[in-house]
Amino acid sequence: MRKNWVLHGALAVFAAHVATPAVAQIIKPNERAQAIKQHPQIIAQFGGAITGPVASYVSNVGAKVATTAGLKDQCTFTVINSDVVNAFAVPGCYIYITRGLMAIMNSEDELASVLGHEVGHIVGKHSLKRTQASTLSTLGAIALGIATKSDEIMQTAGQLAQVYTLSYSRKQEHESDDFGVRYLQANGYNLYAASDMLAALAAQEALDAKVKNRQSRNVPTWARSHPITTERVARTANAARAAKASRDVPPELVRPYLTALAGLRVGDDPEQGFVDGRRFSHPSLKITFEVPQGFSLNNTSEAVEIEGPNSLKGRFGGGSALSGTLDAYAIAKVRETLGQTPATFGVATPGTTNGMPTVTLLARAQTRSGLVDVGVIAYNLNGRAFHFVMMGPADGLSPTFPITQTFRELSATEIAALRPRELEIVTVRAGDTVASLAARMAYPDFKTERFLMINGMSAERPLKPGELLKIVRFSPAGR
Ligand SMILES: [Zn+2]
């Protein structure tokens, strides 16, 4: 979650599009106008934009790709400050790519491949078809796991992000892959970059599932919205073979790409908080809490999402100065969650947790998926308000109670121990091995697997002196 908790009630995305595609003009003025309007909202929902050398690098490569696609000077490329591995295209040719995806790529060719694929969705007008196919109720159900027609639920749930991370169809993916390979070829990039990227993304998903010991259902990732199939890997590799492309990436396109990545943040940003196993800690807000075994945490830019057994869902947020009473704050949070859904409210009950004044409030709502209990606990921590919203089937909320008891302020020592991570680009020296470099990875577990994955290696291999590779280190103090 961000330090400043802001709700972005942008429903602009649902404004009706005209369904008749122009014959000659790929990007229509109304699409561009809407994309310009949504741009700051999308950036905010995903955790902000990254500026500087990485952003310029991506813009330059994107411009080459766009020109090849017949969209010279018509596309905008933005790097987003999110560790989630994702890229997506918004009608109007606004293309977004996360630092999480940048970190697992290994050449400019691969970057061009991803950007070309996204531009391909614009040229194929896929987002437009997809946006029209999605409905409010579908998105509401995705967002909070209950089916209602409430606009308010939409407003609390990062709906803009959800729209652009819905799955494309198999046909659309193939079409975009074909466009992408065509743009690679026209710019002299290595055509194998497309199939290598797909394989790398599949490897990242697999390792992520292994590390977290679960399949995360609600984090929008590239692999989820652009389903990666063995068919897609084979099709793109066949296209490269058919064009008689060389398997070797020219070294000059590896070096500038990796050099641009030096110092890139990896994992959670201190301004957005850290998820470490079952614990969430936010050094800037100076707070922490922990979920029990069987629960999982997802740190989105707007809130921390909690998932538990038996359809339990929750969100943690807050951090702003409390204006008004804690009762009123708790009631507002329940109303934000339920919107117009019919509900019976309990009585706001004061209490104390770890020395902080609290207010607890329960409501029971009638939804299309049955009776749902919503529980809110609001905390007053030295004048700042925080809260959990928990939802589950009627009478099923009690397993979430321990979470609310672990919320507390972080000590100065704890804050000092929360260290951000970043990419370090290392030049292989004689005697370096996968094992010796992987040992430097700043993680407690899966060091070798993580090292192989971020360097695009499917297995251990001898390293060549002089080659550039990535490792993840703890950021030097103050970064
Ligand atoms: Zn796609």
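Reader: How many bridges join strand 3 to strand 4, and do they run parallel or antiparallel?
Author: Four bridges join strand 3 to strand 4, and the two run antiparallel. Helices (H or I, at least four residues) and strands (E, at least two) are DSSP runs numbered from the N terminus, and two strands pair if DSSP finds at least two bridges between them. Before we go on: this is a predicted model, so local features need pLDDT of at least 70, side-chain atom pairs count only at pLDDT 80 or more, and totals for chains, interfaces and linings use all residues. Residues are numbered from 1 along each chain as its sequence is written.

Reader: Thanks. Which residues stand opposite each other there?
Author: Ala-87 is opposite Ile-97 in strand 4, and Ala-89 is opposite Ile-95 in strand 4.

Reader: What sits in the turn between strand 3 and strand 4?
Author: Three residues lie between them in this hairpin, and Gly-92 in the turn has a positive phi of about 105 degrees. Cys-93 is also in the loop between strand 3 (87-90) and strand 4 (94-98). Its phi is near 60 degrees, a positive value in a residue other than glycine.

Reader: Is Cys-93 buried or exposed?
Author: Cys-93 counts as buried, because it has 25 C-beta neighbours inside 10 Å. The cut-offs use C-beta atoms placed from the backbone: 20 or more others within 10 Å is buried, 12 or fewer is exposed, and in between is partly exposed.

Reader: And where is Asn-310?
Author: Asn-310 is in the loop between strand 10 (304-307) and strand 11 (313-321). Its phi is near 55 degrees, again positive in a residue other than glycine. Asn-310 counts as exposed, because it has 9 C-beta neighbours inside 10 Å.

Reader: Which way do the side chains of strand 3 point?
Author: Ala-87 and Ala-89 point one way and Phe-88 and Val-90 the other, and all are buried. Strand 4 is covered on both faces: Tyr-94, Tyr-96 and Thr-98 on one side and Ile-95 and Ile-97 on the other are all buried. Five of the five residues of strand 4 are buried, so it is largely enclosed by the rest of the structure.

Reader: Which residues touch the most other members of the largest nonpolar core?
Author: Of its 66 residues, those are Ile-95, Ile-97, Leu-115 and Val-119. Domain 1 (12-250) and domain 3 (419-474) both give residues to this core, so it lies between them. The domain bounds come from an automatic or database domain assignment. A nonpolar core here is a set of buried Ala, Val, Leu, Ile, Met, Phe, Trp, Tyr and Cys residues joined through C-beta atoms within 7 Å. A second, separate core of 34 residues includes Val-304, Val-334, Val-374 and Val-376.

Reader: What does Val-119 touch?
Author: Leaving out residues up to four places away in sequence, Val-119 touches Val-65, Ala-66, Ala-69, Leu-71, Cys-75, Ile-95, Phe-179 and Tyr-183. Contact means C-beta atoms, placed from the backbone, within 7 Å.

Reader: And how many residues of helix 4 are buried?
Author: 16 of the 16 residues of helix 4 are buried, so it is largely enclosed by the rest of the structure. Just after helix 4, Lys-125 takes a positive phi of about 55 degrees.

Reader: Last one: where does pLDDT stay under 50?
Author: It stays under 50 over residues 4-23, and also over residues 131-159. pLDDT is the predictor's confidence in each residue, from 0 to 100. The mean pLDDT of the protein is 84, and 85% of its residues reach 70 or more. Where pLDDT is low, the predicted coordinates should not be read in detail.

Technical notes
Two residues are in contact if their C-beta atoms, placed from the backbone, lie within 7 Å.
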